[in-house]
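Please open the model in a viewer and display the chain as a cartoon.

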Amino acid sequence: MTLAADSYPLIDLMWTFVIFFGLIVYFWLLITVFADLFRRHDSSGWAKAGWTVFVFVLPLVGALVYLISQGRTMADRTARDVEHAQQETDAYIRSVAAPGYRGVDEIARGKELLDRGAISQEEFDQLKRRALV
């Protein structure tokens, strides 16, 4: 009676894990390169096509050359996108989660108008009552 372990020793199993991990890293690298390449706004369509052909013809070399030549701008674009997403999220949270802040803004704007003499004290009080309800 032969077992499966007899035909596939432990060192071969470990080597299979290393190869599998390497393939996962390689595909992650390709996805990262293509995601950055196609979200760029500063490259023309021909430049994107050229990089795509280069990465398909020489996959590992093309991906590494792209990372070496475009690495800093990739990081800058990613940081800018993250900052933009954070600002949008903050704006959405302010508009939805804290309706009381809008009232504070209205009162502050009304106080500004009152100080400049654009509205009377009665109008300011009325604005305050509306904002606090």
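Begin with the whole chain and its contacts (heavy atoms within 4.5 Å). Of the contacts in the protein chain with a separation of 6 or more, 43% are between residues 24 or more positions apart. This is a predicted model, in which local features need pLDDT of at least 70 and side-chain atom pairs count only at pLDDT 80 or more, whereas totals for chains, interfaces and linings use all residues. Residues are numbered from 1 along each chain as its sequence is written, and side-chain values use heavy atoms, with hydrogens and water left out.

**The overall fold**

Colour the chain by secondary structure, where helices (H or I, at least four residues) and strands (E, at least two) are DSSP runs numbered from the N terminus. The protein chain has six helices and zero strands, in the order α-α-α-α-α-α along the sequence. Its radius of gyration is 29 Å, well over the 14 Å that the globule rule gives for 133 residues, so the chain is more spread out than a compact globule. That radius is taken over C-alpha atoms, and the rule is 2.2 Å times the number of residues to the power 0.38. Along the principal axes, the C-alpha atoms fill a box of roughly 95 × 50 × 20 Å.

Next, show the surface. Accessible areas come from the Shrake-Rupley method with a 1.4 Å probe, and for residues only the protein chains shown count as cover. The accessible surface comes to about 10500 Å², of which 68% belongs to carbon and sulfur atoms. Buried means under 20% relative accessible area, exposed over 50%, and partly exposed in between; 21% of the 133 residues count as buried.

**The salt-bridge network**

Select Asp36, Arg39, Arg77 and Asp81, which are linked in a network of salt bridges. A salt bridge is a side-chain nitrogen of Lys or Arg within 4 Å of a carboxyl oxygen of Asp or Glu, and the structure holds five. Centre the view on aspartate 36, which is buried at 2% relative accessible area. Its salt bridge with arginine 77 has the closest N and O atoms 2.7 Å apart. Aspartate 36 lies in helix H2 and arginine 77 in helix H4 (residues 59–97), so the pair ties together parts that are 41 residues apart in sequence. Both of these residues are buried. Aspartate 36 also meets arginine 39 in a salt bridge (3.7 Å, N to O); arginine 39 is partly exposed at 35%.

**The aromatic side chains**

Now select Phe34, Phe38 and Phe56, which form one aromatic cluster. Rings of Phe, Tyr and Trp (its six-membered ring) pair if their centres lie within 6.5 Å; planes under 30 degrees apart count as stacked, over 60 as edge-to-face and the rest as tilted. The count by this rule is five aromatic pairs. The rings of phenylalanine 34 and phenylalanine 56 have centres 5.4 Å apart and planes at 35°, so the pair is tilted. Phenylalanine 34 is in helix H2 and phenylalanine 56 in helix H3 (residues 45–57), so the pair ties together parts 22 residues apart in sequence. Is phenylalanine 34 buried or exposed? At 18% relative accessibility, phenylalanine 34 counts as buried, whereas phenylalanine 56, at 60%, counts as exposed.

**A final stop**

Finally, select lysine 111 and aspartate 115, whose salt bridge has its closest N and O atoms 3.3 Å apart. These residues are four apart in helix H5 (residues 99–116), separated by about one helical turn.

Note on methods. Buried < 20%, exposed > 50% of the residue type's maximum accessible area, 1.4 Å probe, protein only.
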